[in-house]
Amino acid sequence: MAKFDVVFEGGGAKGAVFVGALEVLAASGHQTGRLVGTSAGAITATMCAAGSTPAQLLDLVTETAVDEKGETVPRFKTFMDVAAPTDFSPEVERDSVTIKALHSLPLLPDFLEGSILRALLADRNYARLFTFVETGGFYIGARFREWLDEKLEKAGVPRGSTMSQFAAISGADLSVTASDTSGGRLLVLNHRTAPGLPLSWAVRMSMSIPFVWQEVVWRKEWGSYLGEDLSGHVIVDGGVLSNFPLRLVHDNTEGTQEVMGAPSGTASEALGLLIDETMPVADEPGGDDRHGRISRFKVIQRLSRITDTLTRARDTEDIRLLDRFVCRLPAKGYGTLEFDMHGDRLGHFLQSGRDAMTKHLLSRGLAAGPAAAGR
């Protein structure tokens, strides 16, 4: 049996395919060493590091909740939470375009400006637009952090645990990536590089798809990154700079080991789970706009495709050179924001992950477990 250092690619809702692949990996008796994730991959990597089984991961994917309209929806869909008037700092309010516009109006007393702004923010559409303009995304992502803290607490990890505390509790070697847009570099967040950073905020940074979720501003109380103070730096989705950082578990040079530590085994034990939008899902008729696609996300979808192209260009050479370590998971026709995936469509997607992992293990001369047979 092998021990793999696993890298999970980012891909939003398409990350559900990881569950099928992990079922086969677990059923085959193979173990995981270092776990690295970007965006949706960061969520999967974190829950795996916390001890979640594939069955428990599937429960997370299919979990439901009641939304503000009283309707039962996938829990992940509630992560698109609109800001309340009290969710913005005085600094954001003061420097906002809205306040500057109000301030330019003649005869309007300054003391009324804040009250007018909060009245405007009570309207969901205005709040969404304000969040987009002032903080870089339509949604604030607070419910995501609440959900993650809830799941980690059930796994025995206290709320607010830092990267260092999580490593001590779980015994796992977890890294999630994020993009520092102020410093123009990729951050690899773990107990070595950012020991004082709360884990839920690290994952929140990693999954912060630009223009969808609010940017995260690094706080002084989170400590340093590799000894450097990042206070005030704006952090977004790791996929902006590298959506599939497989080189982090393959490159054993001194610089990489400074952030990643020693490898779990030889380079041949690296395993990258790549969400491949060019590969069709078996038995799924497909169709980008048929399954829960929301028209108001069309602009986001366009921007997401552009971002995917840019980030994939950066990763393409690594994927080519390290192709033998890459398990390609079919995802053609599935959407980054398709959080209401269910029924046969979800079933086909999970099975495509099982089939892909079975094929990959066999290509490396390793046995695949019985999970591959179930549909």
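Contact here means heavy atoms within 4.5 Å. Helices (H or I, at least four residues) and strands (E, at least two) are DSSP runs, numbered from the N terminus. The model is predicted: local features need pLDDT of at least 70, side-chain atom pairs count only at pLDDT 80 or more, and totals for chains, interfaces and linings use all residues. Residues are numbered from 1 along each chain as its sequence is written, and side-chain values use heavy atoms, with hydrogens and water left out.

**View 1. Helix 1 packs against helix 3.** Val19, Leu22, Glu23 and Ala26 of helix 1 meet Pro54, Leu57, Leu58 and Val61 of helix 3. The axes of helix 1 (residues 17–27) and helix 3 (residues 54–62) come within 9 Å and cross at roughly 170°. Axes are lines fitted to C-alpha atoms, for helices over the stretch in contact; angles run from 0 to 180 degrees between N-to-C directions. Helix 1 and helix 3 are therefore roughly antiparallel (angles over 145 degrees).

**View 2. Arg354 reaches Glu23.** Arg354 sits in helix 14 (residues 343–363). Arg354 is buried, at 10% relative accessible area. Buried means under 20%, exposed over 50%, partly exposed in between (1.4 Å probe, protein chains only). The side chains of Arg354 and Glu23 make a polar contact of 2.5 Å. Such a contact is a pair of N or O atoms within 3.5 Å; within protein, one must be able to donate a hydrogen and the other to accept it, and residues adjacent in sequence count only if both atoms are side-chain atoms.

**View 3. Helix 7 has buried residues along one face.** Helix 7 (residues 124–135) has twelve residues. Ala127, Arg128, Phe130, Thr131 and Thr135 are buried. Seen down the axis of helix 7, these buried residues fall within an arc of 165°, so they line one face. The arc is that of the directions from the helix axis to the C-beta atoms. Their cover includes helix 4 (90–94), helix 5 (97–103), helix 6 (113–121) and strand 5 (137–139).

**View 4. Asp123 caps helix 7.** At the N-terminal end, a side-chain oxygen of Asp123 lies 3.1 Å from the backbone nitrogen of Asn125. Gly136 follows helix 7, with a positive phi near 85°.

**View 5. Ala119 lies in helix 6.** Ala119 counts as exposed, at 54% relative accessibility. Ala119 and Pro85 are 34 residues apart in sequence, yet 7.8 Å apart in space, C-alpha to C-alpha.

Note on methods. Expected span 1.5 Å × (residues − 1). Parallel < 35°, antiparallel > 145°, perpendicular 65-115°, else oblique.
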